[in-house]
Amino acid sequence: MARVSIDPVTRIEGHLRIDVEVDGGTVQKAWASCTMWRGIETILLGRDAREGWVFAQRFCGVCTTVHAMASVRAVEDALQLDVPANAQYIRNLILIGHALHDHIVHFYHLSALDWVDITTIPQADPARAASIADGVSIWPGNSRRNLEQVQNKVKGLVASGQLGIFSHGYWGHPAMRLSPEMNLILFAHYLQAIEFQRKSCQVVGILGGKTPHIQNLAVGGVMNAINLNSLATMNMDRLGTLQSLLQDLVPFVQQAYFVDACLLAASYPEWFRYGRGVANYLAVPDLPVDAKATQFDLPGGVIMGGNLGSVRPIENWRDGAIRAAIAEDVTHAWYVGEGAQQPWKGKTDPNYTDFQGDGKYTWVKAPRYNGHPMQVGPLANILVGYQSGHGLTRKWTDDALKRIAAVHGPTLRPEDLQSTMGRYLARAIRSAMLSDLALQHLQLLTANILKGDDTIYNPPQFPQHQIAGVGLHEAPRGSLSHWVVIDKGAFSNYQAVVPTTWNASPRDEKDVPGPYESSLLANPVADPAKPLEVLRTVHSFDPCMACACHTLDASGREIAQVKVL
Amino acid sequence: MNTSAGRRHPRIAVVGIGNVLLGDDGFGPLAIEMFRCNYECGSDVEILDLGTPGLDIAPYLYGTDLVVIADAVHADERPGTLCIYSEDDLLAQRAQLRLTGHHPAVQESLAHLRLAGNAPSELLIVGIVPESCDFGNGISPSVLNASPFAADKIAGLLVERAIDCRRRHAPCQPNFWWLSSDRRDSVHNEKDQNQSPRTSGCLETRFPGTDCQ
């Protein structure tokens, strides 16, 4: 029995530690521990509820807009305040721009090198690579010339003997199996991706006034003044700029990223057998298409026990069941208290005990849905959408499954997506779908403005009595909810139940583990000193990324240090 | 951005990095706000508060000629000391940005951009040695006092490179919105329905480069 401790797995915001016990080449037991606490919600107590979003978007450096959005939605929910249709569309476009950016970064820069061995690229035949790529996509970046250029850059890097940031990858690991040509194609797109991240940032920036911290929100709407005759406001010029940015961005997502994810899935079919974990799924509806938020372009719902037929739709944000069902358990988390608390009554009083595998071992609370752990994220999104008959989800999922079968990959059903590879694929399916929706929502906004509607804001009125609300958002990493209690216009409680809290959840009072922990069980680990397989599954959830893994034996002695890209 | 006509507009990014909610880690955003208020620049200079972007910094460095990053750094000096580093210092780890969170990400983003052919031609760091980076503690006096000098230093680096950057005759009032301890028991409802929406006071900084008299 080897005990492997990967600490930290996280590179961006918040620190994640993963411990696994490996026996007979597979993981027997796992713990997910968040080793950093900021108690950031406490900074909002007593603040003006109209300003909460400005602080909330500093919770995380990467998921800025999502917290801003959940915060204004929570206050609007408490006030039962509608926002104008223009505001919905503008918010939706920002959320899509952010999500596309996030998913592109995740696939290429945060996880591709778990699967792509760049050190084989010098052996690739660029003509053959171009012909493989041309056979599956019309993406213009796949020309032989482009691929040759990328190959030469990598050759230069390898020949220099200084791989720099790439020097710590698991190159030559037996679980790396792509051909040199496939590695070349994926790495070429890895480099091209930066230009398209930039374009998605520009979409957010044009609408949000600034990026990464948007400035255009208000409780009750947005502050994007609309006047087609003014140079300084939202006008046809800006709408045209957005259109042309999206026309550049969408092909990259649908012809490069989406296709690459299908190729990767076809090349590593065994990863549809690992990493299923918690098979209860939660997705909240998002991308409202009307002022009153009665219709949504992304459906929400709950699936229990991996039984897709059991899907219970969540029709809208006022769904009573979800409010009653969510509670957070702190049995194994470094907080005072026991058992589960509904977030409106939740407290965040720290009680640090050091890492105790059978006791408290993380700063993450254990959110539960009617007492059950839930998996959130693009996979939940896709499974719920597919089973609810959502047209775009079906279109892109069916397309993905067909593509995988067509390149001699496995024949898969949607339920087979419940796996490590399924999470990667679901994120690409979601991105392809969001790309279609970005163009649609820009059309909705334009049509509404041309109709003469320039309303952007309904002013909030705060009552003298206490009110409570929840703001929901289906963020890139999954369902996000901000729970607020407001007294005379100021916050008296604020709790954020974030996607990573659901997925990185520790055990609860019944000792039931969360999604990260259970998805690692039965994962293969060929070499405990190079726990690449563990990282593939952890990264499939899109947590923040690893920069250094310390591998420890059971006595806690460091036996190897492996840096991870 | 893409340049079609072969003529490239020089782009300069003055970037603040750090989490404003974590005490002196907010030095980056503080320093660039001080710079914005004390100096005015040509339209080729962008002033960007990027928070703690991790790898997401790459799109903001993409295709730039010069990047000046303001951030808290690890250095064996007294708190409040300003340290100027080059890109080589960063790559050789002589410059240690404060959080492990964004430290490797800047180097990785630069490496990605270099391979892709869109890296900044020059990158400089105006760092400060922090006193305390604890949650919710605000900025230490030593770091606050050093921030106008950091702004001057940023301006000096630009001027040395013949970039249009002049001291304002009448400096703007800096808006350190995150330092306000504006908590209350109740807020007043807006009486006038036509009044523009209220949000934080940070709106004045919405469009960098615009004048703020």
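## Where α5 meets α6 in chain A

A:Asn146, A:Leu147, A:Val150, A:Gln151 and A:Val154 on the α5(A) side meet A:Leu184, A:Phe187, A:Ala188 and A:Leu191 on the α6(A) side. Sorted by class, the residues of this contact come out as 7 nonpolar, 2 polar and no charged. All of this is read from a predicted model, so keep that in mind throughout.

As for geometry, helix α5 of chain A covers residues 144-160, and its axis sits 10 Å from that of α6(A), at an angle of about 90°. The two helices are therefore roughly perpendicular to each other.

## α3 against α6

Helix α6 of chain A, residues 180-208, also packs with helix α3 of chain A, residues 85-111. Here the axes come within 9 Å and cross at roughly 160°. Since an angle over 145 degrees counts as roughly antiparallel, that is the label for α3(A) and α6(A). The crossing is left-handed.

So who is in this contact? On α3(A), the list runs through A:Ile90, A:Leu93, A:Ile94, A:Gly97, A:His98, A:Leu100, A:His101, A:Ile104, A:Val105, A:Tyr108 and A:His109. Their partners on α6(A) are A:His189, A:Tyr190, A:Ala193, A:Phe196, A:Gln197, A:Ser200, A:Cys201, A:Val203, A:Val204, A:Leu207 and A:Gly208. By class, that gives 14 nonpolar, 8 polar and no charged residues.

## Chain A as a whole

Stepping back, chain A has 14 helices and 18 strands. Its radius of gyration is 23 Å, close to the 24 Å that the globule rule gives for 565 residues, so chain A is as compact as a globular protein of that length. Along the principal axes, the C-alpha trace spans about 65 × 55 × 45 Å.

Buried residues account for 62% of the 565 in chain A. Looking at contacts in chain A between residues at least 6 apart in sequence, 73% of them join residues at least 24 apart.

A few spots in chain A are worth a look for their backbone angles. Most residues other than glycine have a negative phi, and most peptide bonds are trans. Between A:Thr211 and A:Pro212, though, the peptide bond is cis, with omega about 5°. You'll find A:Pro212 in the loop between α6 and β4 (217-218) of chain A.

Then there are two positive phi values. A:Gln80 is not a glycine, yet its phi is near 50°. It belongs to the loop between α2 (64-79) and α3 of chain A, and counts as exposed because it has 9 C-beta neighbours inside 10 Å, where 12 or fewer is the cut-off. A:Asp354, also not a glycine, has a phi of about 75°. This residue is in the loop between β12 (340-341) and β13 of chain A, and with 8 other C-beta atoms within 10 Å it is exposed.

## A:His372 in its loop

A:His372 is placed in the loop between β13 (366-369) and α9 (378-387) of chain A. Buried, exposed or in between? A:His372 has 16 C-beta neighbours inside 10 Å, so it counts as partly exposed.

How far is the C-alpha atom of A:His372 from that of A:Val512, 140 residues apart along the chain? The separation is 8.4 Å.

Chain B has 5 helices and 8 strands. From the N terminus on, its elements go β-α-β-β-α-β-β-α-β-α-β-α-β. Of the 213 residues in chain B, 46% are buried. For contacts in chain B between residues at least 6 apart in sequence, 80% join residues at least 24 apart.

Within chain B, B:Asp24 lies in the loop between β1 (12-17) and α1 (27-38). Is this residue buried or exposed? It has 25 other C-beta atoms within 10 Å, so B:Asp24 is buried. Leaving out residues up to four places away in sequence, B:Asp24 touches B:Ala72, B:Pro130, B:Glu131, B:Ser132, B:Cys133, B:Ile139, B:Ser140 and B:Val143.

Conventions:
Residues numbered from 1 in each chain as written. Chains lettered and ligands numbered in written order. Predicted model: local features only at pLDDT ≥ 70, side-chain atom pairs only at ≥ 80, totals over all residues. Axes fitted to C-alpha atoms, helices over the stretch in contact; angles between N-to-C directions. Helix = DSSP H or I, 4+ residues; strand = E, 2+ residues; numbered from the N terminus. Parallel < 35°, antiparallel > 145°, perpendicular 65-115°, else oblique. Left-handed = near helix turned anticlockwise from the far one by under 90°. Contact = placed C-beta atoms within 7 Å. Nonpolar A, V, L, I, M, F, W, Y, C, P; charged D, E, K, R; others polar. Rg over C-alpha atoms; globule rule 2.2 N^0.38 Å. Buried ≥ 20, exposed ≤ 12 C-beta atoms within 10 Å, placed from the backbone.
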